[in-house]
Amino acid sequence: MAEATVHAPTGAAPPASEGFGTPGYRAYVLSALLIVYIFNFIDRTIINILTEPIKLTFGLEDWQMGLLGGPAFAVLYTFIGIPIARGAERYNRVAIISAAVVIWSLFTALCGFAMSFMMLFLFRIGVSIGEAGCTPPAQSLIADYFKPSRRATAVSVYALGVPLGGMLASVFGGQLAGLDGAQYGAFVNSIGIGSLFGDLDWSQVEGWRVAFVVVGLPGMLLGLIVWRSIKEPPRGYTDPAALQGLEKASFKEALAVLAKKPAYRHIVFGATLASFVGYGVAQFTTSFLLRTHGLTIQEASLLYGVVLGIMAAIGVFSSGWLADKISKKYPNALSWLPAIGMGASVPLYAFGFLMPNLWLAVPALMVAAMIHYFYLGPMYAVSGGVVDSRMRATSVAITLFVVNLLGYGLGPPVIGVLSTVLKTMFLDGQALGLTLETCKPLLSLGAEAKALLGGTELQAMEACSSAEARGLQWSIVIFSCIYGWAALHYLLAGRTLQRDMVANSQG
């Protein structure tokens, strides 16, 4: 891998005055990195949308789907992220990002060919290995392309990849999964490429498998475009002059600096809690809409992806934009804006997930989705802002290590276990002697088979469906209340935020 240029040339214009490159090129780079992050989250979260059909294919419970959504991705993602970030402090960051895109896209496509739960688990680990090379070097690039006074807005634009990627995963994943194999076979024959698939029996191909392949393959082309079109900027280009030319910091030095930043610790703790809730709830929101409100997977994915996804995107961008606009008058906006947003989202989420009328619930969920995401842009802005360019990628990687290992790694499986436990409790309350095992064949019946049920069998099937829906519903409500705890830590970060930010401490 080629060694990157390390420092701005002597005699250049004051680095912190403007970012690297022309305004138009900076806009292109930010847009390209946003697209990369969108693909990152499409491939990461599409499994959330495909939870129900995958469960049926392999006969799984919610806790097993939680393992696919959480630990299968989060464990290696977090541990590999730090050495990749250390490499990004020394080597070409654009090359790292480009290779990462190709790797995670390939493994996403391979998920469509999994023939067992364990094989799918291993392919998800492959996705995580690739995605670990995305955000730390991308955040480091953004910090060199944009001056400190514009950085919160820039990282918030990049962070739009989270809700937009989730939205597109919902739209494409849900629509693709809702089609059957025969429809895919008819389509490929109609465009004249049926011969490429030989004697494949399309009637046996499940829609969720096609969804993985279709969203995974385009990323390989994206990786090449990034490699050929984005320039590697001088490291530390926008740092204060006093920090130019300093030697590279070791990992131990980076940890020592971050340990002295109370604001950083509170932001990471709060973001970890928010991630724990967010990833856990996102894993099962589409399932909630199917089970509680009886929507089809296409309807649920459109509602979750488009309506709630757009509101989340507004929240992510507006938090960073507002923080930049009002920071002179309110220096701690990066602290209290997210605190207000997450705190206020708790009653709105509780109302939205408990309201039996979906169309009364949706407005509350829309507002909650927008304001709870106020935390994301400030998380990146503070993580990159409390250190200088020598350790910026490492700081972001440490943030993501904690946030993803504890938040992403534990959120989906814990909510899955809680859902399964509550489902068991609700089954026990039915006094019909039903268990998780006796419910499995009843819940896997198609619509035609369910229509033929009567008497005790119908009663048992309805009891199983009700327990599964209520168990998940109350799990989501309980999880959403944790946003209040996360809000407290963002508020506490404000006590030392100004002292801890490098741009302020260096004058």
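Reader: By class, how many nonpolar, polar and charged residues are in the lining of the largest pocket?
Author: This is a predicted model. The lining of the largest pocket has 15 nonpolar, 11 polar and 10 charged residues.

Reader: How much space lies in the largest pocket?
Author: About 1,000 Å³. The pocket is lined by 36 residues, and those closest to its centre are Glu52, Pro53, Leu56, Leu290 and Leu443.

Reader: Which helices each supply at least two residues of that pocket's lining?
Author: Helix H2 (51–58), H11, H14, H15, helix H20 (436–443), helix H21 (447–451) and helix H22 (455–480).

Reader: And where does the largest share of the pocket lining come from?
Author: From H2, with 5 residues.

Reader: What is the lining of the largest cavity by class?
Author: There are 27 nonpolar, 13 polar and 1 charged residues. For the largest pocket, the charged count was 10.

Reader: On to the helix pair, H9 and H11. At roughly what angle do their axes cross?
Author: Roughly 140 degrees, with the axes of H9 (residues 161–177) and H11 (residues 207–216) coming within 7 Å.

Reader: Why are H9 and H11 oblique and not roughly antiparallel?
Author: Roughly antiparallel needs an angle over 145 degrees. The crossing is roughly 140 degrees, so H9 and H11 count as oblique to each other.

Reader: Is the crossing of H9 and H11 left-handed or right-handed?
Author: The crossing is right-handed.

Reader: Which residues meet there?
Author: From H9, Phe172, Gly173, Leu176 and Ala177. They meet Gly207, Trp208, Ala211, Val214 and Val215 in H11.

Reader: How do the residues of that contact divide into nonpolar, polar and charged?
Author: The contact of H9 with H11 has 7 nonpolar and 2 polar residues, and no charged ones.

Conventions: Residues are numbered from 1 along each chain as its sequence is written. This is a predicted model: local features need pLDDT of at least 70, side-chain atom pairs count only at pLDDT 80 or more; totals for chains, interfaces and linings use all residues. Side-chain values use heavy atoms; hydrogens and water are left out. Axes are lines fitted to C-alpha atoms, for helices over the stretch in contact, and angles run from 0 to 180 degrees between N-to-C directions. Helices (H or I, at least four residues) and strands (E, at least two) are DSSP runs, numbered from the N terminus. Angles under 35 degrees count as roughly parallel, over 145 as roughly antiparallel, 65 to 115 as roughly perpendicular and the rest as oblique. A crossing is left-handed if the near helix is turned anticlockwise from the far one by less than a right angle, and right-handed if clockwise. Contact means heavy atoms within 4.5 Å. Ala, Val, Leu, Ile, Met, Phe, Trp, Tyr, Cys and Pro count as nonpolar, Asp, Glu, Lys and Arg as charged, and the others, Gly among them, as polar. On a 1 Å grid over the protein atoms alone, a cavity is a set of points where a 1.4 Å probe fits but cannot get out, and a pocket is an open set with protein on both sides within 12 Å along at least five of seven lines; lining residues have an atom within 4 Å of a point. Grid points are joined across faces, edges and corners, and a volume is the space filled by probe spheres set on the points.
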